[in-house]
Amino acid sequence: MGLDKRIVTPPSILTVADFDGTLISGNSFPLWIRFVAVRSLTTFRFRLFVAITAAVLKRKIFCATQHGEFKRKVDSLSYPDGWAADFVNELRSRLHADVLGKMASVARGPVLIATAAPSCYARAVPAILPLPVCGVVCSQQEGADYIDNTGATKRDRICAGLSRAGSDRGNFILFTDHEDDLPTAIAAVKTYLCHPSAAALQAFKPLGGRVEVLG
């Protein structure tokens, strides 16, 4: 899916938000793994249980796969309808109210979610947000390649999508918590650094006044 299909008429300045650690506390990916393992076992979907368990063992115990390949495998499994929505709904208690409030005050239109989370559940994220969302850019299969939506890749997908939609490539405000998003922050007009770690604070220091810390 091209980002140009999701940003049809971008506002004057688009608001872009990371998900894990920014909109919610913690990392949703390991929570998804646990959710799938438990639900597949309790609903007697043993093939799915074996598949997700084998992927975890291959990655965590035998160290036979890199993180991106592990994510690709998890994203490629077939999940029953409704599981993603049920899982994302469980994340409501993790939402950062202060971040959502700030976003509501600065957004000039629908928000774009740009996350490293895999598409198998990331597409359901808008359902739990109290703000309009114009799309989700996430890790996903595109043709023959699996796109891990991190670092400079995330920046390039956001900027290319804005360009295709007829807007300036750097015409966006970023909400993030992590230093992995530094390439995206450099391209943004302004960055809100949300509940950052000491490492994130240090990494974003060179951007000076273009960064505002929340939480």
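In the predicted model, the accessible surface of the protein amounts to about 10,000 Å², and carbon and sulfur atoms contribute 56% of it. Of the 215 residues in the protein, 47% are buried. The radius of gyration is 17 Å, which agrees with the value near 17 Å that a compact globule of 215 residues would have. The C-alpha trace spans about 50 × 35 × 30 Å along its principal axes.

The secondary structure consists of nine helices and seven strands. Among contacts with a separation of 6 or more, 60% are made by residues 24 or more positions apart.

Strand pairing was examined around strand 3. Strand 3, residues 133-142, pairs with strand 2, residues 111-118, in the parallel sense, and five bridges are found between them. Within this pairing, Ile113 has Val136 of strand 3 as its bridge partner. Strand 3 is also joined to strand 4, residues 145-147, by three bridges, and these two strands run antiparallel.

Strand 3 and strand 4 form a hairpin with two residues between the strands. In this hairpin, Gly143 takes a positive phi near 65 degrees. Glu142 stands opposite Asp145 of strand 4.

A further position considered is Leu207, in the loop between helix 9 (198-204) and strand 7 (211-214). Leu207 has a relative accessibility of 13% and counts as buried because this value is under the 20% cut-off. When neighbours within four places in sequence are left aside, Leu207 is in contact with Leu182, Ala185 and Ile186. The C-alpha atom of Leu207 is separated by 21 Å from that of Ala114, and the two residues are 93 apart along the chain.

Technical notes:
Residues numbered from 1 in each chain as written. Predicted model: local features only at pLDDT ≥ 70, side-chain atom pairs only at ≥ 80, totals over all residues. Heavy atoms only, no water. Helix = DSSP H or I, 4+ residues; strand = E, 2+ residues; numbered from the N terminus. Rg over C-alpha atoms; globule rule 2.2 N^0.38 Å. Buried < 20%, exposed > 50% of the residue type's maximum accessible area, 1.4 Å probe, protein only. Contact = heavy atoms within 4.5 Å. Areas by Shrake-Rupley, 256 points an atom, 1.4 Å probe, with all protein chains shown as cover. Pairing = 2+ DSSP bridges.
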